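Hello,

Here is the structure I promised to pass on. Please open it alongside this email. My notes on its salt bridges follow below.

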Amino acid sequence: MKIAILSRNAKLYSTRRLIEAAESRGHSVDVLDPLRCYMNINARESSIHMKGKVLPFYDAVIPRIGASITFFGTAVLRQFEMIGTYPLNESVAISRSRDKLRSLQLLSRKGIGLPITGFASQPHDVPDLIEMVGGAPLVIKLLEGTQGIGVVLAETRQAAESVIEAFMGLKSHIMVQEFIKEAGGADIRCLVIGDKVIAAMKRQAKPGEFRSNLHRGGSARLVKLTPAERATAIKAAKTMGLNVAGVDILRSNHGPLVMEVNSSPGLEGIELATEKDVASQIISFIENTAKAHRTRTKGKG
């Protein structure tokens, strides 16, 4: 197959591993910077261009689209979808998962465990918002934040009110969540491919920190999932419509709680922690599903 990887940097660990895995299985791979792509959208023959040339047809495209370029990146991915290329994750699913509030609303509708979450726009609603999530301590999150940036733990009610009002004053969209103390500064990243969790790691925050992100100095190790955790991760990915997803789960006194569903999970941490070849399993999944995609596409023609 001819595979395109939408990535801004071919040297990133995840991109390199996907290239290696695909080429080792006999596929040809091109890494395309989505911001360097531009599109011809018309009723007769839509196309994607780069550096003055029309890009060739690709059998499959692997989107590694950063949160900061979601709008343009998903537009490019939609164009690939329009011309018949198989997307590992569809553009609509990526957009759905990147909207933190929308994704939590969809997960809650499916009965998937979540931390109690509040959302409001007016300062006079803040006292009730705090009560809604069980009072302080509580977690305040910027809807646009990634990798733990824009996440604040408010230890007291006064601190919570001050931080929330400050964010609102800056016209920033935030959500407020209950603090799951029993998680002990740890979460579980489940790597879902299709209808299976193929790898899982426990991420532990460094001392004095409550955010377990590896980018913030957290550590990671192999973890054994409970049946409930495994089922929750698979259901969360399916609810978002993602074929490949990183599902972040907290262990609470009332079962597994989903924190986030990541449509472009990094491979470095989980491959090193679990010693599993996740990249090759992703390519294997594409081999199996792209063939079915081509059959369906031909059938429509």
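Aspartate 30 is partly exposed, with a relative accessible area of 28%. Keep in mind that this is a predicted model. Aspartate 30 forms a salt bridge with lysine 2. Their closest N and O atoms are 3.5 Å apart. The pair links distant parts of the chain. Lysine 2 sits in strand E1 (residues 2-6), and aspartate 30 in strand E2 (residues 28-32). They are 28 residues apart. Lysine 2 is partly exposed too, at 26% relative accessible area.

How many salt bridges are there in total? The count comes to twelve.

Next, look at aspartate 277 and arginine 17. They form a salt bridge, with 2.6 Å between the closest N and O atoms. Aspartate 277 lies in the loop between helix H8 (268-274) and helix H9 (278-300), while arginine 17 is in helix H1 (residues 13-24), so this pair ties together parts 260 residues apart in sequence. Aspartate 277 is partly exposed, at 35% relative accessibility. Arginine 17 is buried, because its relative accessible area is 14% and buried means under 20%. Both residues belong to a network of salt bridges that links Arg17, Glu20, Glu271 and Asp277.

One further pair: arginine 203 and aspartate 187. Their side chains meet in a salt bridge, 2.9 Å from N to O. Arginine 203 is in strand E13 (residues 196-204) and aspartate 187 in strand E12 (residues 186-193). The two are 16 residues apart, and the pair links distant parts of the chain. Buried or exposed, arginine 203 and aspartate 187? Both are buried.

Best wishes

Conventions:
Residues numbered from 1 in each chain as written. Predicted model: local features only at pLDDT ≥ 70, side-chain atom pairs only at ≥ 80, totals over all residues. Heavy atoms only, no water. Salt bridge = Lys/Arg side-chain N within 4 Å of Asp/Glu carboxyl O. Helix = DSSP H or I, 4+ residues; strand = E, 2+ residues; numbered from the N terminus. Buried < 20%, exposed > 50% of the residue type's maximum accessible area, 1.4 Å probe, protein only.
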